[in-house]
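Me: I'd like to go through this one by asking what each label rests on. Could you put the sequence and structure up?

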Amino acid sequence: MTENRPANPTVNTAGYEVPPELRQNIAITTLDKIWNMGRRYSVWPMMFGLACCAIEMICTAASRYDLARFGMEVMRPSPRQSDLMIVSGTVTKKMIPQIVRLYNQMPEPKYVLSMGACASGGGPFKEGYNVVSGVDQYVPVDVYIPGCPPTPQALLNGLMKIQEKIDSESITKVRWYRKGEIPEIPVPLLGPDIIDPRENAMIKEYTSKPAPVPLAANPQAPATPPAAATS
């Protein structure tokens with residue numbers, strides 16, 4: 001019986017040669033893997049909930065499912081100490097300005113997990129008068145979890161997807177290591193309806209158009225339609 005050994009056992013996958021006498025003591029890897037390994041096991045979710053999905057999130061953090069296995073059991077009540085926002089529940093137009101403000105206060109790197117049908121697309125309240133049809137219209141979402149409400153197992157799967165995304169990131173490509181400041185998301189304005197400041201130019205262009213004049217109010221329009229010409 002033969003073993004499948006590499007052609008050159010002194011060369012690892014990174015392409016660096018390791019002497020045979022040191023192969024049991026030295027491991028060569030990349031800076032991205034070390035950096036991401038430390039981050040994936042120290043994700044601190046922000047401690048807030050919106051609706052019934054928050055009960056499932058609380059259940060996931062209890063002893064039965066044990067978030068401590070992932071290093072995520074430390075839920076911080078302050079956005080400045082959190083790097084994962086779990087939007088758990090229905091997002092109303094009254095609440096979305098506060099969610100955007102909390103997201104802006106979170107330091108980089110930060111991630112957003114949309115938990116449940118309501119947060120992802122409005123759920124049974126889609127196109128309602130006071131519910132936002134998806135939190136992704138205002139903040140960038142990294143992982144969506146379906147369900148109404150999702151089970152704790154589904155939330156655990158979503159958290160593992162966050163870890164997989166962290167593993168795939170590179171320091172040379174992530175947005176928080178680029179030059180220049182990262183612009184904040186404008187906080188929506190709550191008036192008769194929710195207003196996204198990013199749409200101000202479109203709203204201004206639409207409202208600056210002259211209103212169409214009704215036919216009856218046009219002084220140059222004939223009072224009665226002309227009679228049909230007869231031959």
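Me: What pattern does the protein chain follow, read along the sequence?

Reply: This is a predicted model, and along the sequence the chain reads α-α-β-α-β-α-β-α-β-β-α. That comes to six helices and five strands.

Me: How much of the protein chain counts as buried?

Reply: 32% of the 231 residues. The chain exposes about 15300 Å², and carbon and sulfur atoms supply 58% of that. As for contacts with a separation of 6 or more, 73% come from residues 24 or more positions apart.

Me: What makes β1 "mostly covered"?

Reply: Five of its five residues are buried. Leu84, Ile86 and Ser88 point one way from β1 while Met85 and Val87 point the other way, and all are buried.

Me: And how do you know that β1 and β2 pair?

Reply: The cut-off is at least two bridges between the strands. β1 and β2 have five, in the parallel sense, so they count as paired. Within that pairing, Ile86 stands opposite Leu113 in β2.

Me: Which residues have the most contacts inside the largest nonpolar core?

Reply: Leu84, Ile86, Leu113, Met115, Leu155, Leu159 and Ile162, in a core of 22 residues. The elements that give two or more residues to this core are α2 (53-61), β1 (84-88), β2 (111-115), β3 (143-145) and α5 (152-167). α5 gives the most, with five residues. In soluble globular proteins, nonpolar side chains tend to be buried together.

Me: What does Leu84 touch, leaving out residues up to four places away in sequence?

Reply: Its contacts are Val43, Trp44, Pro45, Met46, Met106, Tyr111, Val112, Leu113, Leu159 and Ile162. Apart from this core lies another, of 19 residues, including Phe48, Ile96, Val100 and Val135.

Me: On to charges. Why is Arg39 with Glu169 called a salt bridge?

Reply: The rule asks for a side-chain nitrogen of Lys or Arg within 4 Å of a carboxyl oxygen of Asp or Glu. For Arg39 and Glu169 the closest N and O atoms are 2.8 Å apart, so the pair qualifies. Arg39 lies in helix α1 (residues 31-40) and Glu169 in the loop between α5 and β4 (189-190), so the pair ties together parts that are 130 residues apart in sequence. Both Arg39 and Glu169 are buried.

Me: How many salt bridges does the rule give?

Reply: Seven. One of them joins Asp167 to Arg40, with the closest N and O atoms 2.4 Å apart. Asp167 is in helix α5 and Arg40 in helix α1, so this pair ties together parts 127 residues apart in sequence.

Me: Why is Arg40 called buried, and what is Asp167 called?

Reply: Buried means under 20% relative accessible area and exposed means over 50%. Arg40 has 18%, so it counts as buried. Asp167 has 37%, which puts it in between, so it is called partly exposed.

Me: Where do the Asp142 and Lys165 partners sit?

Reply: Their side chains meet in a salt bridge at 2.4 Å, N to O. Asp142 is in the loop between α4 (117-121) and β3, and Lys165 is in helix α5, 23 residues apart. Asp142 has a relative accessible area of 24%, so it is partly exposed; Lys165, with 31%, is partly exposed too.

How values were computed: Residues numbered from 1 in each chain as written. Predicted model: local features only at pLDDT ≥ 70, side-chain atom pairs only at ≥ 80, totals over all residues. Heavy atoms only, no water. Helix = DSSP H or I, 4+ residues; strand = E, 2+ residues; numbered from the N terminus. Buried < 20%, exposed > 50% of the residue type's maximum accessible area, 1.4 Å probe, protein only. Contact = heavy atoms within 4.5 Å. Areas by Shrake-Rupley, 256 points an atom, 1.4 Å probe, with all protein chains shown as cover. Core = buried A, V, L, I, M, F, W, Y, C linked by side-chain atoms within 4.5 Å.
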